[in-house]
Amino acid sequence: MAENVKPRVRVPDTASAGDIITLKTLISHQMESGQRKDADGQTIPRSIINRFVVDFAGANVLDVQMEPAISTNPYFEFGVLIDKAGEFTFTWYDDDGSVYEEKQSIAIA
Amino acid sequence: MTSTHLAAAMLALTLAGTAPAQADPIDATEIVINDGEIALPTRAPAPAYLEGVLPEVRSGWLYRDEATRAMQMDDFENPGMVFADLGLDSWETPDGTQGKSCADCHNGIDSMKGLRAAMPRMNAAGDNLWSMENFINDCRVNRMGAEEWGWNSAPMKNMTAAISLQSRGMPVDVAIDGPAAAWWERGREMYYTRFGQLELACANCHEENSGKNIRADHLSQGQINGFPTYRLKDAGMVSSHQRFVGCVRDTRGETFKAGSDEFRALELYVASRGMGLPVEGVAVRH
Amino acid sequence: MEMNRRKTIALGAGGVAALIGTAALAQTAPATTTAPAAAPAAPVTPGKTAEQWIAEFTGGAGVTEGGVELTAPEIAENGNTVPVSVAADGASEVLLVATGNPVGGVMIARFGPAAGRREIATRIRLARTQDIIGVAKMEDGTFRQATANVKVTIGGCGG
């Protein structure tokens, strides 16, 4: 597992049924592109988060295939339709096989 | 014409060729964060020792472009906040032979409120000027029995980010009198000393030419109230000393080391040039 | 296929296929092989171009302009972190490519049933001033696109 990796997501505690809420997510990750060279001229191997998936109450919200052109500390912002109370699962997949997962719940006000 | 003079002349031309649209900072008086939850003033009256030198002191945020400014206006868009979160995690994690965490002695990290605004300051013994990094390492070595963190290491910058955030909005208020006066004087001397093959002093860019462009860079006043800052160029946290190293290296000079007496003195003087500006906690710069 | 070093280098200049061949050869080379002191660094395998990404995404279908909103700064202060958003009502997937990057693809976002908007914002790396293209696959199977030019200034004094 890469060091210094931490996801950051914020889900409001409640929403009204039928609301479309905006979520922002960030994860600290170096996103080594595979394009850089070290001091000895050797290519530094690619090491990125290559996929980001958001599910809500069993339904998929977003499934992103990520390439090295996504910036260090990947950030995403997107909308979710809240039709019932439920749990969000945010999952980031690392090239090195690590999987980082974060869960947060939302209630209907 | 020597190459040094040629370089200086070219620099002067570059400075003169400023695009008018970007010649000045934007007019905003506040950085409004989280839709109005927090408002940080961007300007303060110049302290007495800068009278006639700067009309007022200004946050570096005013000199950045719209996209960069926007990232600091929402704690969720600010990538620096994830590192402050990591710092908070290590605040609560025991380390070293004593099995203690920061929280074991200091309780919640909010007990650090105000510290960043007064940094750097004289240590308890009164015989040395310490930056926040020195205080942290003193705790680690002498109270926790843990290893020192490198000045610009990830855990150190995460911790200084988390601690600085506790003082967000508090005006910079560093002591420059008493035993600190000699350090301040030394820092002031450095600020006006030309370094490197390009023979540039801090003042050449950040006092005489702030607001102008040096190549594609819009020169700010070089304030450090936003440090540690998330820097887009580095895509990571940057300490004020790390930035000083970059500046001196850009003069094609031999730089001092992060944490050196020279850079701690300079940190005190540069902090004092931003007296009254709020600690921005974790700023975003380019 | 038998390859000696000379052939590999000659082919390497010839194109992508040969470069891939070089990489494969490097991986299978016996451990006892000693590289000459001045051996060039292993070439960075070039990625698919933006054009290739779009062709794969659309399966060669035609793409019409419009119906996609691509938001990006005209001038980016630093190419490391450029905020970009792609929105297209009625899209099931969007592809974002950067025409001037060493690897053309940036992301493919697929919207699921719980998506609230057919819109995604992120931050991307741009190696230089270039066009970026957002391509949307619509629910009816057609494709639409929008292009934006981003000027990247090499800002940020020193390190």
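**Cavities and interfaces**

The second largest cavity is lined by Arg116(B), Met119(B), Val172(B), Gln223(B), Ile224(B), Asn225(B), Glu267(B), Val270(B), Ala271(B) and Gly274(B). A cavity here is a set of points on a 1 Å grid over the protein atoms alone where a 1.4 Å probe fits but cannot get out, and lining residues have an atom within 4 Å of a point.

A word on the source: this is a predicted model, in which local features need pLDDT of at least 70 and side-chain atom pairs count only at pLDDT 80 or more, while totals for chains, interfaces and linings use all residues. Residues are numbered from 1 along each chain as its sequence is written, chains are lettered from A in the order in which they are written, and side-chain values use heavy atoms, with hydrogens and water left out.

Back to that cavity. It holds about 60 Å³ of space, a volume being the space filled by probe spheres set on the points, which are joined across faces, edges and corners. Its lining has five nonpolar, three polar and two charged residues. Ala, Val, Leu, Ile, Met, Phe, Trp, Tyr, Cys and Pro count as nonpolar, Asp, Glu, Lys and Arg as charged, and the others, Gly among them, as polar.

How many cavities of 30 Å³ or more does a search of the whole structure find? The search finds three. Of its 14 lining residues, Arg116(B), Glu133(B), Phe227(B), Ser240(B) and Glu267(B) are the closest to its centre. By class, the lining of the largest cavity has six nonpolar, five polar and three charged residues.

Now the interfaces. Chain A brings 33 residues and chain C 30 residues into their contact, meaning heavy atoms within 4.5 Å. Between these two chains about 2600 Å² is buried, 51% of it from carbon and sulfur atoms; buried area is the accessible area (1.4 Å probe) that two parts lose on being put together, summed over both. Gln35(A), Gln65(A) and Ala69(A) supply 22% of what chain A buries against chain C, more than any other three residues.

Between chain C and chain B, about 1500 Å² is buried, with 47% from carbon and sulfur atoms. Here 15 residues of chain C and 21 residues of chain B take part. One salt bridge is counted (a side-chain nitrogen of Lys or Arg within 4 Å of a carboxyl oxygen of Asp or Glu). It joins the side chains of Glu77(C) and Arg64(B), at 3.0 Å, N to O.

Conventions:
1 Å grid on protein atoms, 1.4 Å probe; cavity = no way out; pocket = protein on both sides within 12 Å on 5 of 7 lines; lining within 4 Å.
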